[in-house]
Amino acid sequence: SVVFLTRRRTAMPPKKKTADDGADDVGAAKFGRVRNNLRMGIVGLPNVGKSSLFNILTEQSIAAENYPFCTIDPNEARCPVPDARYDRLVSMWKPASEYPAFLSVIDIAGLVRGASSGAGLGNAFLSNIMATDGIFHVVRAFDDPEVVHVDDEIDPVRDLETITAELCLKDLETVKRAIADEERDVKKNPTMKLSALFKDTMARCTEMLENNLAIRTGEWNTPEVEMIKDKLPALLTTKPMIYLVNLSKRDYVRKKNKWLPKIHAWVQQHGGGIMIPFSVEFEQELFDLGDDESLRSAFYEENEGAKSALPKMVTQGYKELNLMYFFTAGEKEVRCWTVYNGALAPQAAGVIHTDFEKGFIKAEVCSYDDFAAIATKPSMAEVKEAGKYRQEGKAYVVKDGDIIHFQIGQLTKSKK
């Protein structure tokens with residue numbers, strides 16, 4: 001029987017590419033775990049707006065009191081990934097069930113200077129970051145006498161330095177421990193010796209971390225990446241990071257703040273990265289209006305057309321984790337299925353059900369763009385007539401936005 005189922009600048013000069021440079025992933029992506037369920041952690045000093053942002057992102061109410069460490073245990077929730085393609089498929093098919101893609105987000109307690117040596121809730125904080133796959137680094141660039149700053153005055157560049165230094169110090173401990181462990185093993189076994197690759201990689205990691213440079217910002221070839229993943233799996237600075245700059249509503253609307261150029265310069269000096277200005281104050285007022293489109297339109301007009309930055313955050317977080325999704329579409333459901341970028345068709349089938357990877361026969365595929373350009377009704381008939389509906393085998397690399405029907409063969413139970 002057959003089953004049908006519906007850029008980044010670097011902190012160090014680039015090295016000449018060699019045959020070893022096989023990894024296509026760039027930046028932090030090459031250090032990431034190849035999984036379909038990855039999580040972003042919201043990180044920053046106390047009282048910079050982390051929990052308030054988390055509340056709005058996830059439509060959950062958790063304590064956002066105005067004092068350090070009010071968030072002790074990480075709170076986790078899932079944010080729908082906004083996508084006009086998904087919305088159009090839902091409006092065409094009008095299915096009984098709808099399942100958008102989700103980004104898992106964790107709110108982590110505020111970090112303070114000295115966290116790497118246990119200050120504040122430092123050890124718990126750092127272990128919670130270790131359990132995430134990417135970081136939303138929230139930086140405060142707004143003045144508000146009602147919201148205390150842990151260092152008494154607003155200086156986002158200093159705050160960036162604080163967080164980065166603590167992450168680098170913790171990673172430096174990890175590197176030194178790995179070197180000591182390797183040297184001890186070599187002493188125990190006279191037939192072993194430290195490889196040049198190990199020594200060179202650890203030396204570069206040490207130099208970068210001592211200069212407060214994240215490991216993800218370096219130029220690494222494939223053997224070096226594999227060495228880091230093997231010997232230093234607990235590193236924090238290999239994780240992708242998105243800088244979220246929390247402004248006052250006034251500054252966000254007028255797109256001006258004295259700290260933005262300084263923050264941008266700091267980010268570029270520390271390996272580059274994505275910086276997204278936003279305003280918890282603005283987002284909270286917009287959120288409180290609910291789904292009333294007339295109220296929201298009036299709010300946009302009052303605020304010079306400024307729009308929410310949340311969709312960009314969620315979409316960018318998804319991309320930084322090297323995730324993408326394909327669609328299944330039919331009368332019963334329209335659904336986004338998350339896969340790691342580069343997944344083959346059988347692996348994608350396995351996301352729907354683990355047995356489907358084993359029983360994979362073929363995938364019937366059309367791109368969303370072709371479907372959108374050709375289809376006038378919820379059916380693949382017009383797409384087939386136009387020759388844009390194709391069959392793909394086990395070697396097919398799934399593309400973001402593919403609409404796929406899998407054919408799965410008879411699954412035989414293993415003999416006991």
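This is a predicted model: local features need pLDDT of at least 70, side-chain atom pairs count only at pLDDT 80 or more; totals for chains, interfaces and linings use all residues.

Visitor: What volume does the largest cavity have?

Guide: The largest cavity comes to about 90 Å³. That volume is the space filled by probe spheres set on the points.

Visitor: How do you know which residues line the largest cavity?

Guide: A lining residue has an atom within 4 Å of a point. Among those lining the largest cavity are Ile-135, Arg-216, Trp-266 and His-270. Helix α4 (156-188) and strand β7 (241-246) each give at least two residues to this lining. By class, the lining has seven nonpolar, four polar and one charged residues.

Visitor: And what about the second largest cavity?

Guide: The second largest cavity holds about 30 Å³. Strand β6 (residues 134-140) gives the most to its lining, with four residues. The lining splits into four nonpolar, two polar and two charged residues. Asp counts as charged, and Asp-159 is one of the lining residues.

Visitor: Why is strand β13 called largely enclosed?

Guide: Buried means under 20% relative accessible area. Seven of the seven residues of β13 (residues 402-408) are buried, so the strand is largely enclosed by the rest of the structure. Both faces are covered: Phe-406 is among the buried residues on one side, and His-405 among those on the other.

Visitor: What makes β11 and β13 a pair?

Guide: Pairing takes at least two bridges. Seven bridges join β11 (residues 360-367) to β13, so they pair, and the two run antiparallel. In one of these, Ala-363 has Phe-406 of β13 as its bridge partner.

Methods:
Residues are numbered from 1 along each chain as its sequence is written. Side-chain values use heavy atoms; hydrogens and water are left out. Buried means under 20% relative accessible area, exposed over 50%, partly exposed in between (1.4 Å probe, protein chains only). On a 1 Å grid over the protein atoms alone, a cavity is a set of points where a 1.4 Å probe fits but cannot get out, and a pocket is an open set with protein on both sides within 12 Å along at least five of seven lines; lining residues have an atom within 4 Å of a point.
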